[in-house]
There are 2 protein chains.
Amino acid sequence: MFIGAQVSLYPMTSDFVRIILSGLDALAPYRDDLRIETDDISTLMVGAPAPLFDAIRDLFARSAADPAHVTMHATISRGCPGEPDDPTCRCDVLATVAQTTSLAERQAQAEAAVRTAPVLGVEIDLQFSLYVLGQDGHMDEIYGCIDFLKASGTFLRSKNFCTRLHGDAGPVFETLRQAFLRFGPAEGHVTIDMTASANSPSAR
Amino acid sequence: MFIGAQVSLYPMTSDFVRIILSGLDALAPYRDDLRIETDDISTLMVGAPAPLFDAIRDLFARSAADPAHVTMHATISRGCPGEPDDPTCRCDVLATVAQTTSLAERQAQAEAAVRTAPVLGVEIDLQFSLYVLGQDGHMDEIYGCIDFLKASGTFLRSKNFCTRLHGDAGPVFETLRQAFLRFGPAEGHVTIDMTASANSPSAR
(Lines give C-alpha, C1' and ligand atoms only; values in the text may rest on other atoms or scores of the structure.)
Protein backbone atom coordinates (compact mmCIF):
# COMPACT_ATOMS: atom_id res chain seq x y z
CA MET A 1 0.00 0.00 0.00
CA PHE A 2 1.01 3.60 -0.64
CA ILE A 3 0.01 6.23 1.95
CA GLY A 4 0.77 9.93 1.94
CA ALA A 5 -0.37 13.50 1.64
CA GLN A 6 0.14 16.71 -0.28
CA VAL A 7 0.18 19.44 2.39
CA SER A 8 0.14 23.24 2.01
CA LEU A 9 0.44 25.86 4.74
CA TYR A 10 -1.04 29.35 4.23
CA PRO A 11 -0.15 32.09 6.78
CA MET A 12 -2.23 35.20 6.03
CA THR A 13 0.59 37.65 6.74
CA SER A 14 3.28 39.36 4.71
CA ASP A 15 5.71 37.51 6.99
CA PHE A 16 4.45 34.18 5.60
CA VAL A 17 7.85 32.78 4.59
CA ARG A 18 9.10 32.90 8.22
CA ILE A 19 6.02 31.07 9.51
CA ILE A 20 6.19 28.41 6.80
CA LEU A 21 9.88 27.78 7.52
CA SER A 22 9.18 27.62 11.28
CA GLY A 23 6.35 25.16 10.60
CA LEU A 24 8.67 23.00 8.49
CA ASP A 25 11.05 22.86 11.50
CA ALA A 26 8.29 20.98 13.34
CA LEU A 27 8.72 18.18 10.79
CA ALA A 28 12.29 17.45 11.91
CA PRO A 29 11.36 14.52 14.23
CA TYR A 30 9.54 12.80 11.37
CA ARG A 31 12.12 13.04 8.61
CA ASP A 32 13.47 9.55 9.34
CA ASP A 33 10.01 7.97 9.04
CA LEU A 34 8.54 9.99 6.18
CA ARG A 35 9.68 10.85 2.68
CA ILE A 36 9.21 14.64 2.49
CA GLU A 37 9.53 16.67 -0.74
CA THR A 38 8.46 20.31 -1.18
CA ASP A 39 7.61 22.23 -4.36
CA ASP A 40 5.98 25.64 -4.87
CA ILE A 41 2.42 24.39 -4.23
CA SER A 42 2.64 21.61 -1.64
CA THR A 43 4.81 19.31 0.46
CA LEU A 44 4.57 15.59 -0.26
CA MET A 45 4.78 13.33 2.80
CA VAL A 46 4.84 9.56 2.31
CA GLY A 47 4.75 7.03 5.16
CA ALA A 48 2.66 5.20 7.73
CA PRO A 49 -0.36 6.93 9.31
CA ALA A 50 1.29 7.15 12.76
CA PRO A 51 4.09 9.57 11.78
CA LEU A 52 2.09 11.04 8.87
CA PHE A 53 -0.81 12.46 10.90
CA ASP A 54 1.50 13.44 13.78
CA ALA A 55 3.66 15.41 11.33
CA ILE A 56 0.66 17.16 9.73
CA ARG A 57 -0.67 17.99 13.20
CA ASP A 58 2.64 19.36 14.47
CA LEU A 59 3.22 21.39 11.30
CA PHE A 60 -0.10 23.12 11.80
CA ALA A 61 0.06 23.41 15.61
CA ARG A 62 3.49 25.06 15.40
CA SER A 63 2.22 27.56 12.82
CA ALA A 64 -1.01 28.24 14.72
CA ALA A 65 0.99 29.17 17.84
CA ASP A 66 1.90 32.39 15.97
CA PRO A 67 -0.82 35.06 16.35
CA ALA A 68 -1.32 35.37 12.56
CA HIS A 69 -4.32 33.79 10.85
CA VAL A 70 -3.09 30.56 9.28
CA THR A 71 -4.74 27.77 7.32
CA MET A 72 -3.54 24.43 5.99
CA HIS A 73 -4.83 22.18 3.25
CA ALA A 74 -4.03 18.48 2.87
CA THR A 75 -4.93 15.89 0.26
CA ILE A 76 -4.42 12.56 2.06
CA SER A 77 -4.56 9.18 0.31
CA ARG A 78 -4.20 5.47 1.01
CA GLY A 79 -4.40 2.53 -1.37
CA CYS A 80 -4.51 4.47 -4.65
CA PRO A 81 -4.24 1.79 -7.38
CA GLY A 82 -2.05 4.14 -9.43
CA GLU A 83 0.70 4.32 -6.78
CA PRO A 84 3.40 1.68 -6.09
CA ASP A 85 3.44 -0.48 -2.96
CA ASP A 86 5.73 1.06 -0.33
CA PRO A 87 6.78 -0.99 2.75
CA THR A 88 7.40 2.18 4.79
CA CYS A 89 3.63 2.82 4.68
CA ARG A 90 2.71 -0.42 6.49
CA CYS A 91 0.07 0.16 9.16
CA ASP A 92 -1.00 -2.43 11.76
CA VAL A 93 -4.50 -0.97 12.05
CA LEU A 94 -5.09 -1.43 8.32
CA ALA A 95 -3.22 -4.76 8.13
CA THR A 96 -5.08 -6.50 10.93
CA VAL A 97 -7.76 -4.82 13.03
CA ALA A 98 -9.79 -3.07 10.36
CA GLN A 99 -10.14 -6.24 8.29
CA THR A 100 -12.11 -8.17 10.84
CA THR A 101 -14.20 -5.70 12.81
CA SER A 102 -17.79 -4.51 12.41
CA LEU A 103 -18.71 -0.88 11.82
CA ALA A 104 -19.88 -0.53 15.46
CA GLU A 105 -16.59 -1.92 16.78
CA ARG A 106 -14.58 0.38 14.52
CA GLN A 107 -16.60 3.39 15.73
CA ALA A 108 -15.85 2.44 19.36
CA GLN A 109 -12.12 1.98 18.61
CA ALA A 110 -12.00 5.35 16.87
CA GLU A 111 -13.72 7.11 19.79
CA ALA A 112 -11.30 5.49 22.26
CA ALA A 113 -8.29 6.71 20.25
CA VAL A 114 -9.60 10.29 20.26
CA ARG A 115 -10.20 10.19 24.03
CA THR A 116 -6.54 9.31 24.67
CA ALA A 117 -5.04 11.79 22.17
CA PRO A 118 -2.44 14.22 23.56
CA VAL A 119 -3.64 17.77 24.24
CA LEU A 120 -1.34 20.35 22.59
CA GLY A 121 -2.87 23.57 23.93
CA VAL A 122 -3.67 24.94 20.44
CA GLU A 123 -7.33 25.48 19.49
CA ILE A 124 -8.14 24.90 15.84
CA ASP A 125 -11.02 24.60 13.38
CA LEU A 126 -10.99 21.96 10.67
CA GLN A 127 -13.30 20.70 7.96
CA PHE A 128 -12.87 17.64 5.79
CA SER A 129 -14.42 15.24 3.31
CA LEU A 130 -13.76 11.49 3.37
CA TYR A 131 -13.92 9.65 0.04
CA VAL A 132 -14.22 5.87 -0.25
CA LEU A 133 -13.40 4.90 -3.83
CA GLY A 134 -13.69 1.86 -6.02
CA GLN A 135 -16.74 0.20 -4.50
CA ASP A 136 -20.52 0.31 -4.57
CA GLY A 137 -22.31 1.38 -1.41
CA HIS A 138 -19.58 3.82 -0.42
CA MET A 139 -22.07 5.97 1.51
CA ASP A 140 -22.60 3.28 4.20
CA GLU A 141 -19.01 3.77 5.35
CA ILE A 142 -19.35 7.57 5.06
CA TYR A 143 -22.50 7.61 7.21
CA GLY A 144 -20.79 5.27 9.69
CA CYS A 145 -17.87 7.68 9.86
CA ILE A 146 -20.20 10.66 10.37
CA ASP A 147 -21.80 8.85 13.35
CA PHE A 148 -18.29 8.43 14.83
CA LEU A 149 -17.53 12.12 14.22
CA LYS A 150 -20.71 13.20 16.03
CA ALA A 151 -19.64 11.10 19.05
CA SER A 152 -15.95 12.09 18.89
CA GLY A 153 -16.11 15.19 21.10
CA THR A 154 -14.58 17.28 18.29
CA PHE A 155 -17.70 17.58 16.10
CA LEU A 156 -18.86 21.16 15.41
CA ARG A 157 -21.41 20.84 12.59
CA SER A 158 -22.21 19.31 9.22
CA LYS A 159 -21.76 21.42 6.08
CA ASN A 160 -22.47 20.70 2.43
CA PHE A 161 -19.76 18.30 1.17
CA CYS A 162 -17.83 18.19 4.46
CA THR A 163 -17.88 18.04 8.28
CA ARG A 164 -16.62 20.73 10.67
CA LEU A 165 -14.52 19.82 13.71
CA HIS A 166 -13.32 22.13 16.48
CA GLY A 167 -11.08 21.75 19.51
CA ASP A 168 -7.51 21.17 20.56
CA ALA A 169 -5.20 20.17 17.70
CA GLY A 170 -4.41 16.83 19.41
CA PRO A 171 -7.91 15.28 19.49
CA VAL A 172 -8.96 17.04 16.26
CA PHE A 173 -6.14 15.50 14.19
CA GLU A 174 -6.65 12.14 15.96
CA THR A 175 -10.30 12.30 14.83
CA LEU A 176 -9.05 12.87 11.28
CA ARG A 177 -6.62 9.92 11.47
CA GLN A 178 -9.31 7.59 12.84
CA ALA A 179 -11.72 8.59 10.06
CA PHE A 180 -8.99 7.78 7.53
CA LEU A 181 -8.02 4.42 9.09
CA ARG A 182 -11.25 2.89 10.37
CA PHE A 183 -13.70 3.62 7.55
CA GLY A 184 -13.66 2.30 4.02
CA PRO A 185 -12.12 -1.09 3.19
CA ALA A 186 -8.73 -1.72 4.85
CA GLU A 187 -7.16 -2.58 1.49
CA GLY A 188 -9.18 -0.04 -0.47
CA HIS A 189 -8.62 3.43 -1.92
CA VAL A 190 -9.61 6.10 0.61
CA THR A 191 -8.82 9.82 0.47
CA ILE A 192 -9.38 12.93 2.57
CA ASP A 193 -9.69 16.58 1.48
CA MET A 194 -8.96 18.63 4.62
CA THR A 195 -8.73 22.31 5.55
CA ALA A 196 -7.58 23.52 8.99
CA SER A 197 -7.81 27.10 10.27
CA ALA A 198 -6.56 29.00 13.33
CA ASN A 199 -6.66 32.61 14.52
CA SER A 200 -9.30 33.64 11.98
CA PRO A 201 -10.68 37.16 12.40
CA SER A 202 -14.10 35.93 11.21
CA ALA A 203 -16.85 34.61 13.46
CA ARG A 204 -17.17 30.81 13.40
CA MET B 1 -28.62 16.44 -8.79
CA PHE B 2 -26.81 18.71 -6.34
CA ILE B 3 -23.68 20.53 -7.58
CA GLY B 4 -21.50 22.94 -5.67
CA ALA B 5 -18.23 23.81 -4.02
CA GLN B 6 -16.67 24.94 -0.77
CA VAL B 7 -14.11 27.59 -1.80
CA SER B 8 -11.42 29.33 0.29
CA LEU B 9 -9.10 32.14 -0.80
CA TYR B 10 -5.72 32.62 0.92
CA PRO B 11 -3.76 35.83 0.19
CA MET B 12 -0.31 35.55 1.80
CA THR B 13 -0.22 39.18 2.95
CA SER B 14 -1.18 41.07 6.10
CA ASP B 15 -3.61 42.93 3.83
CA PHE B 16 -5.50 39.67 3.20
CA VAL B 17 -8.97 40.97 4.16
CA ARG B 18 -8.90 43.61 1.40
CA ILE B 19 -7.91 41.05 -1.25
CA ILE B 20 -10.55 38.56 -0.10
CA LEU B 21 -13.26 41.24 -0.20
CA SER B 22 -12.07 42.39 -3.64
CA GLY B 23 -12.18 38.78 -4.83
CA LEU B 24 -15.72 38.38 -3.52
CA ASP B 25 -16.70 41.42 -5.63
CA ALA B 26 -15.86 39.32 -8.69
CA LEU B 27 -18.73 37.01 -7.71
CA ALA B 28 -21.35 39.76 -8.21
CA PRO B 29 -22.35 38.67 -11.77
CA TYR B 30 -23.03 35.14 -10.50
CA ARG B 31 -25.15 35.86 -7.44
CA ASP B 32 -28.43 35.40 -9.38
CA ASP B 33 -27.38 31.96 -10.63
CA LEU B 34 -25.57 30.59 -7.58
CA ARG B 35 -26.46 30.25 -3.92
CA ILE B 36 -23.46 31.74 -2.11
CA GLU B 37 -22.90 31.51 1.67
CA THR B 38 -19.67 32.38 3.50
CA ASP B 39 -18.44 31.29 6.94
CA ASP B 40 -15.02 31.61 8.58
CA ILE B 41 -13.45 28.68 6.66
CA SER B 42 -15.04 28.62 3.20
CA THR B 43 -17.65 29.98 0.82
CA LEU B 44 -20.36 27.58 -0.33
CA MET B 45 -21.44 28.01 -3.96
CA VAL B 46 -24.33 25.89 -5.27
CA GLY B 47 -25.48 25.86 -8.90
CA ALA B 48 -24.88 24.60 -12.42
CA PRO B 49 -21.30 24.02 -13.65
CA ALA B 50 -21.45 26.91 -16.15
CA PRO B 51 -21.74 29.73 -13.57
CA LEU B 52 -20.02 27.69 -10.82
CA PHE B 53 -16.65 27.24 -12.55
CA ASP B 54 -16.80 30.75 -14.07
CA ALA B 55 -17.33 32.18 -10.58
CA ILE B 56 -14.47 30.16 -9.05
CA ARG B 57 -12.21 31.23 -11.95
CA ASP B 58 -13.10 34.92 -11.67
CA LEU B 59 -12.72 34.91 -7.88
CA PHE B 60 -9.17 33.61 -8.25
CA ALA B 61 -8.23 35.64 -11.35
CA ARG B 62 -9.31 38.88 -9.65
CA SER B 63 -7.25 38.03 -6.56
CA ALA B 64 -4.23 36.92 -8.60
CA ALA B 65 -4.16 40.28 -10.40
CA ASP B 66 -2.84 41.73 -7.11
CA PRO B 67 0.96 41.28 -6.79
CA ALA B 68 0.66 39.33 -3.50
CA HIS B 69 1.10 35.55 -3.44
CA VAL B 70 -2.40 34.06 -3.32
CA THR B 71 -3.77 30.53 -3.27
CA MET B 72 -7.28 29.10 -3.42
CA HIS B 73 -8.67 25.73 -2.39
CA ALA B 74 -11.96 24.27 -3.59
CA THR B 75 -13.83 21.09 -2.75
CA ILE B 76 -16.18 20.60 -5.73
CA SER B 77 -18.93 17.95 -5.81
CA ARG B 78 -21.72 16.65 -8.04
CA GLY B 79 -24.25 13.92 -7.39
CA CYS B 80 -23.49 13.29 -3.71
CA PRO B 81 -26.22 10.86 -2.55
CA GLY B 82 -26.40 12.71 0.77
CA GLU B 83 -27.45 16.02 -0.81
CA PRO B 84 -30.97 16.96 -2.02
CA ASP B 85 -31.88 17.34 -5.69
CA ASP B 86 -31.66 21.00 -6.74
CA PRO B 87 -33.16 22.13 -10.09
CA THR B 88 -30.80 25.14 -10.24
CA CYS B 89 -27.91 22.68 -10.69
CA ARG B 90 -29.28 21.22 -13.93
CA CYS B 91 -26.53 20.81 -16.56
CA ASP B 92 -27.13 19.92 -20.22
CA VAL B 93 -23.74 18.25 -20.56
CA LEU B 94 -24.52 15.87 -17.71
CA ALA B 95 -28.18 15.44 -18.67
CA THR B 96 -27.62 14.51 -22.30
CA VAL B 97 -24.20 14.38 -23.93
CA ALA B 98 -22.19 12.56 -21.30
CA GLN B 99 -24.72 9.72 -21.04
CA THR B 100 -24.26 8.49 -24.58
CA THR B 101 -20.67 9.13 -25.55
CA SER B 102 -17.56 6.98 -25.45
CA LEU B 103 -14.46 7.88 -23.47
CA ALA B 104 -12.63 8.88 -26.69
CA GLU B 105 -15.49 11.18 -27.75
CA ARG B 106 -15.62 12.77 -24.30
CA GLN B 107 -11.87 13.39 -24.39
CA ALA B 108 -12.25 15.13 -27.77
CA GLN B 109 -15.16 17.24 -26.52
CA ALA B 110 -13.19 18.26 -23.44
CA GLU B 111 -10.15 19.25 -25.52
CA ALA B 112 -12.35 21.33 -27.84
CA ALA B 113 -13.87 23.18 -24.90
CA VAL B 114 -10.42 24.08 -23.54
CA ARG B 115 -9.27 25.33 -26.97
CA THR B 116 -12.16 27.85 -27.11
CA ALA B 117 -11.89 29.03 -23.49
CA PRO B 118 -11.51 32.80 -22.98
CA VAL B 119 -8.00 34.06 -22.19
CA LEU B 120 -7.99 36.28 -19.08
CA GLY B 121 -4.36 37.44 -19.06
CA VAL B 122 -3.62 35.95 -15.62
CA GLU B 123 -1.05 33.12 -15.37
CA ILE B 124 -1.75 30.56 -12.68
CA ASP B 125 -0.64 27.18 -11.34
CA LEU B 126 -3.17 24.60 -10.24
CA GLN B 127 -3.18 21.02 -8.99
CA PHE B 128 -6.18 18.78 -8.45
CA SER B 129 -7.45 15.28 -7.77
CA LEU B 130 -10.59 13.87 -9.42
CA TYR B 131 -12.55 11.29 -7.44
CA VAL B 132 -15.16 9.00 -9.02
CA LEU B 133 -17.20 7.45 -6.20
CA GLY B 134 -19.71 4.66 -5.79
CA GLN B 135 -18.58 2.32 -8.53
CA ASP B 136 -16.06 -0.39 -9.26
CA GLY B 137 -13.41 0.32 -11.88
CA HIS B 138 -13.20 4.01 -11.00
CA MET B 139 -9.59 4.17 -12.21
CA ASP B 140 -10.59 3.66 -15.87
CA GLU B 141 -12.32 7.05 -15.84
CA ILE B 142 -9.41 8.60 -13.91
CA TYR B 143 -6.84 7.33 -16.43
CA GLY B 144 -9.11 8.52 -19.27
CA CYS B 145 -9.22 11.94 -17.64
CA ILE B 146 -5.44 12.02 -17.24
CA ASP B 147 -5.04 11.31 -20.97
CA PHE B 148 -7.30 14.31 -21.66
CA LEU B 149 -5.26 16.46 -19.27
CA LYS B 150 -2.01 15.56 -21.03
CA ALA B 151 -3.55 16.66 -24.35
CA SER B 152 -5.27 19.76 -22.96
CA GLY B 153 -2.45 22.27 -23.45
CA THR B 154 -2.55 23.13 -19.72
CA PHE B 155 -0.76 20.01 -18.38
CA LEU B 156 2.43 20.67 -16.41
CA ARG B 157 3.24 17.35 -14.70
CA SER B 158 1.89 14.45 -12.69
CA LYS B 159 2.43 14.38 -8.93
CA ASN B 160 1.56 11.82 -6.29
CA PHE B 161 -2.22 11.97 -5.71
CA CYS B 162 -2.83 14.85 -8.14
CA THR B 163 -2.06 16.49 -11.51
CA ARG B 164 -0.41 19.89 -12.03
CA LEU B 165 -1.76 22.36 -14.61
CA HIS B 166 -0.24 25.68 -15.65
CA GLY B 167 -1.31 28.51 -17.92
CA ASP B 168 -3.83 31.29 -18.32
CA ALA B 169 -6.69 31.14 -15.81
CA GLY B 170 -9.25 30.81 -18.64
CA PRO B 171 -8.08 27.52 -20.19
CA VAL B 172 -6.83 26.15 -16.84
CA PHE B 173 -10.24 26.45 -15.17
CA GLU B 174 -11.94 25.19 -18.34
CA THR B 175 -9.71 22.10 -18.10
CA LEU B 176 -10.89 21.64 -14.53
CA ARG B 177 -14.57 21.99 -15.51
CA GLN B 178 -14.20 19.49 -18.36
CA ALA B 179 -12.53 16.97 -16.04
CA PHE B 180 -15.46 17.37 -13.64
CA LEU B 181 -18.18 17.07 -16.31
CA ARG B 182 -16.90 14.54 -18.83
CA PHE B 183 -15.39 11.83 -16.62
CA GLY B 184 -17.19 9.57 -14.18
CA PRO B 185 -20.83 8.57 -14.71
CA ALA B 186 -23.13 11.47 -15.67
CA GLU B 187 -25.53 10.63 -12.84
CA GLY B 188 -22.79 9.54 -10.42
CA HIS B 189 -20.96 11.03 -7.46
CA VAL B 190 -17.82 12.86 -8.60
CA THR B 191 -15.66 15.27 -6.60
CA ILE B 192 -12.57 17.42 -7.08
CA ASP B 193 -9.97 18.55 -4.53
CA MET B 194 -8.25 21.57 -6.12
CA THR B 195 -5.53 24.06 -5.16
CA ALA B 196 -4.65 27.10 -7.30
CA SER B 197 -1.61 29.34 -6.80
CA ALA B 198 -0.37 32.64 -8.27
CA ASN B 199 2.58 34.96 -7.66
CA SER B 200 4.48 32.39 -5.60
CA PRO B 201 8.03 33.39 -4.63
CA SER B 202 9.11 29.71 -4.92
CA ALA B 203 10.43 28.10 -8.07
CA ARG B 204 7.88 25.90 -9.85
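Reply: Gladly! Buried means under 20% relative accessible area, exposed over 50%, and partly exposed in between, using a 1.4 Å probe and protein chains only. Helices (H or I, at least four residues) and strands (E, at least two) are DSSP runs, numbered from the N terminus. This is a predicted model, in which local features need pLDDT of at least 70 and side-chain atom pairs count only at pLDDT 80 or more, while totals for chains, interfaces and linings use all residues. Residues are numbered from 1 along each chain as its sequence is written, chains are lettered from A and ligands numbered from 1 in the order in which they are written, and side-chain values use heavy atoms, with hydrogens and water left out.

Me: What makes strand β5 of chain B mostly covered?
Reply: Ten of the eleven residues in β5(B), which spans residues 123-133, are buried.

Me: How do you know that β5(B) pairs with β7 of chain B?
Reply: Two strands pair if DSSP finds at least two bridges between them. Six bridges join β5(B) to β7(B) (residues 162-168), so they pair, and they run antiparallel.

Me: Why is Thr195(A) called buried?
Reply: Its relative accessible area is 4%, and the limit is under 20%, so Thr195(A) counts as buried. Thr195(A) lies in strand β8 (residues 189-198) of chain A. Contact means heavy atoms within 4.5 Å. Leaving aside neighbours within four places in sequence, the contacts of Thr195(A) include Met72(A) and Asp125(A), along with Tyr10(B), Ile41(B) and His73(B).

Me: Why does Asp58(B) count as buried?
Reply: Asp58(B) has 19% relative accessibility, which is under 20%, so the word applies. Asp58(B) sits in helix α2 (residues 49-64) of chain B. Not counting residues up to four places away in sequence, Asp58(B) touches Ala26(B), Tyr30(B) and Leu120(B).

Me: What makes the pair Thr43(A) and Thr38(A) a polar contact?
Reply: A polar contact is a pair of N or O atoms within 3.5 Å; within protein, one must be able to donate a hydrogen and the other to accept it, and residues adjacent in sequence count only if both atoms are side-chain atoms. The side chains of Thr43(A) and Thr38(A) come to 2.8 Å, so the pair meets the distance limit. Thr43(A), in strand β3 (residues 43-46) of chain A, is itself buried, with a relative accessible area of 7%.

Me: What is buried between chain B and chain A?
Reply: Buried area is the accessible area (1.4 Å probe) that two parts lose on being put together, summed over both. Here the value is about 4,400 Å², with 59% from carbon and sulfur atoms. Asp40(B), Ile41(B) and Phe161(B) lose the most area in chain B, together 18% of what that side buries.
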